[in-house]
Amino acid sequence: MKTKAVDPIQTTTYEMAGITNKKKSKKEKKAKKDKRKRNNEIECDRVDTDIDDSVFTKSKTDSSPDVQDRDDNSNHEKKKDKKKSKKKGKKKSKTSKRNSEDEPNNETNGNDSAIESSGGGRLVASSAIEFYDDDLKKKAKKRQKLTTDDNLTSCCNKDADNQTQLEEVLEKQRSKSKKKKRHRNDVDGDGDEAENEEKQERRDKVKQRDELDKVLIPDNKRNHSLTLLLFYQYIEPEWDDEIYERMLRDIQKIGTSLELTGRMRCAKEGLNCTLTGTHSNILEYTKALRQLRPTDFCNTEFKLTTDLPLAQKFGELKVLKVVEIVRYGLEGQKAPPIQQYSGVHLEPKHYHKKLAESNTVIIDVRNHYEAAIGRFVPPTKENSGGEKDATTTRTEGPKWIDPKMRKSTEFPAWLDKEETKQMMKGKQVLMYCTGGIRCERASALLKYKMETDETVKDLGIKGVFQLQGGIDKYFKEFPDGGYWQGKNYVFDKRFAHAPPKIDGELHGRVGDKEEEHDSKVSTNTSAMGRCESCYKPWDMYRGKRRCPTCGVPSLICKDCFLADKQGRKKLGKEVRCDLCVEQRVFSKRQYREKDERFIQDYESKMTAKGLLLPNAAAGYSENEKEGIAPNPKGITRLVLKNMCRKNMTEGALLEALPGITHIVWGTQRNRKNPSAEPIFTGMGWVEMATPEDAAKAVVKNNQLKLFGRTTGIAFQAPDGKDIWPPSNSRVV
């Protein structure tokens with residue numbers, strides 16, 4: 001094959017022509033830039049708004065090179081603008097992500113600051129890690145992000161095969177890093193550069209390893225992606241039977257479909273919920289509830305706490321069918337209408353100001369064991385820090401009151417005590433609780449008495465106010481705690497928590513050994529409660545131990561708890577709650593008799609005044625007035641609770657409830673002596689001869705006394721899983 005000879009002169013001319021073309025292109029680019037600057041200056045001087053349109057038409061008609069250059073320049077500018085807008089968009093998306101972590105829904109924006117007492121259906125949200133240390137917050141946020149690596153996504157399943165794949169990936173990466181390190185040691189070079197490269201590679205490998213290890217660690221120990229929802233809603237007038245049964249079915253269906261867990265206390269008077277789930281599912285639930293009953297839930301305030309660890313998730317969803325959404329013993333006609341008598345709802349900012357006013361009493365409507373670990377400490381003359389009138393004295397300043405209740409049913413009787421009335425005389429009354437629901441009934445009861453009871457009318461109470469949203473919302477408004485000291489007891493998996501800012505400082509203090517930092521935090525987080533065994537400061541309720549006499553949660557420190565568990569120290573019956581010690585209550589029977597007497601005396605007094613109608617006279621249907629409870633489904637099976645375990649017999653039960661045909665006693669295995677007979681639990685089931693007999697028995701619910709115990713009686717239809725009634729349970 002012959003090849004053509006290449007002329008070297010010709011190639012050099014081609015190369016020279018290419019160089020000159022490059023130079024020309026550079027000159028043209030410079031000229032275009034100069035023209036672009038001039039055009040921009042001219043356009044900036046013009047004020048006419050139609051200039052863009054005129055330039056656009058000229059670019060279409062003119063074919064001059066200047067105009068074409070201008071078109072090229074404008075296209076070039078458009079490309080630049082697009083790049084800038086993309087960069088801005090990325091920045092905005094980052095900031096929006098940050099904002100979405102703090103304010104997860106657009107509905108929360110602008111509503112948290114000022115919400116009227118009447119309100120519109122609204123969300124009040126806050127993050128559980130908002131005030132964490134930056135490093136801890138970054139770690140928590142990283143754990144929420146799904147890994148994008150293909151190796152990770154392919155190995156994220158929980159099967160055993162995938163676990164082995166993960167281990168193989170880890171081993172491969174570790175072996176590669178070892179080989180690279182050996183290779184580096186063999187190669188001669190600059191020592192400093194090699195060390196820096198080695199450190200950087202180590203960091204990269206640690207990051208990769210951490211991401212892989214996250215897959216092996218259970219989610220409930222690492223992921224802060226849980227959202228907690230708290231809300232309540234009273235309904236007036238109450239739902240009828242048909243709507244009530246439909247609501248029970250619907251809220252159960254919605255909750256299970258959205259995989260929510262927690263408690264829903266549903267009564268004819270309303271709904272009280274504490275739920276956990278993913279943020280999106282929680283928001284869907286609030287929307288579904290408003291769509292289900294728009295008129296009932298249009299003004300409901302939904303309080304959300306985001307970024308909680310999955311370990312604080314409830315185990316299951318429970319829909320509880322109850323008479324009252326908060327048990328006050330004020331069901332039916334006993335309860336004053338909330339819409340008519342409710343106290344003035346104050347937002348946290350206004351309530352905070354009221355706490356500092358003189359001639360004020362602050363009533364803690366919670367139970368005593370809740371108030372023992374944290375409460376509002378109103379400012380006195382020394383610590384208020386504001387201007388004070390020379391005429392005011394310390395005794396006239398705000399005063400905090402603890403009713404010392406074990407349960408809310410004691411509140412009506414406490415409110416009627418003479419010493420309580422004297423404390424409220426001539427003062428304005430402020431009330432607060434955890435979420436606001438207990439204040440609704442409490443404030444309505446006090447205002448009802450102010451209008452109907454002569455002994456309360458003469459007290460000259462200047463007003464009744466309550467904290468809108470409770471302590472939970474107050475913490476969202478005052479993250480440093482405001483006038484709050486100690487911890488807030490809650491009925492979810494958090495158990496108790498400090499104000500968000502102080503809680504963040506406590507988490508940031510982990511591993512920090514600086515004394516200055518510890519001294520700053522300790523002043524705000526000193527424990528207000530005391531261990532019931534050793535009396536040292538303590539504020540964490542842990543374990544399932546309760547007071548052996550009254551049954552409230554026991555406040556036991558870690559050392560005493562472990563000593564009891566290991567057998568070094570026994571927490572016997574002498575270790576009781578501080579209320580039982582103060583009131584000298586030594587047994588369950590003594591407490592029960594004292595409590596029943598206290599409430600019965602109050603009810604008989606109110607009935608005599610005509611302020612409290614007896615159960616058989618008002619708030620019940622015609623059948624109930626005649627001693628028959630409504631039983632439209634014709635249920636003949638009943639469940640009995642709170643029976644005396646020592647003295648209850650078949651004969652006593654037959655005498656108290658005529659018409660029983662079958663009895664099934666609730667028993668459990670004797671753990672101490674498995675070969676012995678099972679132990680009676682105080683619970684049982686009976687089959688009645690007719691639905692009428694069953695209805696007559698249910699009317700005696702919480703009124704029938706057997707061996708000094710009030711018996712609970714309720715309808716319970718057979719579930720169809722077992723044969724009912726059992727043939728061996730027939731009464732002879």
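**Entry 1: ground rules**

I am working with a predicted model, in which local features need pLDDT of at least 70, side-chain atom pairs count only at pLDDT 80 or more, and totals for chains, interfaces and linings use all residues. I number residues from 1 along each chain as its sequence is written, and I take side-chain values from heavy atoms, with hydrogens and water left out.

**Entry 2: aromatic pairs**

I began with rings. My rule is that rings of Phe, Tyr and Trp (its six-membered ring) pair if their centres lie within 6.5 Å; planes under 30 degrees apart are stacked, over 60 edge-to-face, and the rest tilted. How many aromatic pairs does the rule give? I noted 18 aromatic pairs.

I picked Phe376 and Tyr474, an edge-to-face pair with 4.8 Å from centre to centre and 90° between the planes. Phe376 belongs to strand β9 (residues 374-376) and Tyr474 to helix α18 (residues 470-477), so this pair ties together parts 98 residues apart in sequence. For these names, helices (H or I, at least four residues) and strands (E, at least two) are DSSP runs, numbered from the N terminus.

Phe376 is buried, because its relative accessibility is 0%. Tyr474 is buried too, with a relative accessible area of 0%.

I then found that Phe376 also pairs with Trp484, edge-to-face, at 5.2 Å centre to centre and 85° between the planes. That pair links distant parts of the chain, since Phe376 is in strand β9 and Trp484 in strand β13 (residues 484-486), 108 residues apart. Trp484 counts as buried at 5% relative accessibility. Stepping back, I saw ring pairs link Tyr351, Phe376, Tyr432, Tyr474, Phe475, Phe478 and Trp484 into a cluster.

**Entry 3: charges over rings**

Next I looked for charges sitting over rings (NZ of Lys or CZ of Arg within 6 Å of the ring centre and within 35 degrees of the ring normal). The charged end of Lys354 sits over the ring of Phe465, 4.4 Å from its centre. I also found Arg637, whose charged end sits over the ring of Trp724 at 4.5 Å from the centre.

**Entry 4: salt bridges**

I counted a salt bridge when a side-chain nitrogen of Lys or Arg is within 4 Å of a carboxyl oxygen of Asp or Glu. The count comes to 23 salt bridges.

One of them joins Arg246 and Glu242 (3.6 Å, N to O). Both residues lie in helix α8 (residues 241-257), 4 residues apart, about one turn of the helix. I remembered that an α-helix has 3.6 residues a turn, so residues three or four places apart point the same way. Arg246 is partly exposed at 33% relative accessible area, while Glu242 is exposed at 57%.

Another joins Arg438 and Glu370 (2.9 Å, N to O). This pair links distant parts of the chain, with Arg438 in helix α16 (residues 437-452) and Glu370 in helix α13 (residues 368-371), 68 residues apart. Arg438 is buried at 8% relative accessibility, and Glu370 is buried at 0%.

**Entry 5: one side of a helix**

Which residues of helix α26 (residues 691-698) are buried? I listed Ala694, Ala695, Ala697 and Val698.

**Entry 6: a covered strand**

I finished with strand β5 (residues 301-308), where 8 of its 8 residues are buried. I treat two strands as paired if DSSP finds at least two bridges between them. Strand β1 (residues 122-127) runs parallel to β5 and is joined to it by 6 bridges; Arg122 stands opposite Glu301 in β5. Strand β2 (residues 226-234) runs antiparallel to β5, with 4 bridges, and Leu229 has Leu304 as its bridge partner in β5.

Notes. Buried < 20%, exposed > 50% of the residue type's maximum accessible area, 1.4 Å probe, protein only.
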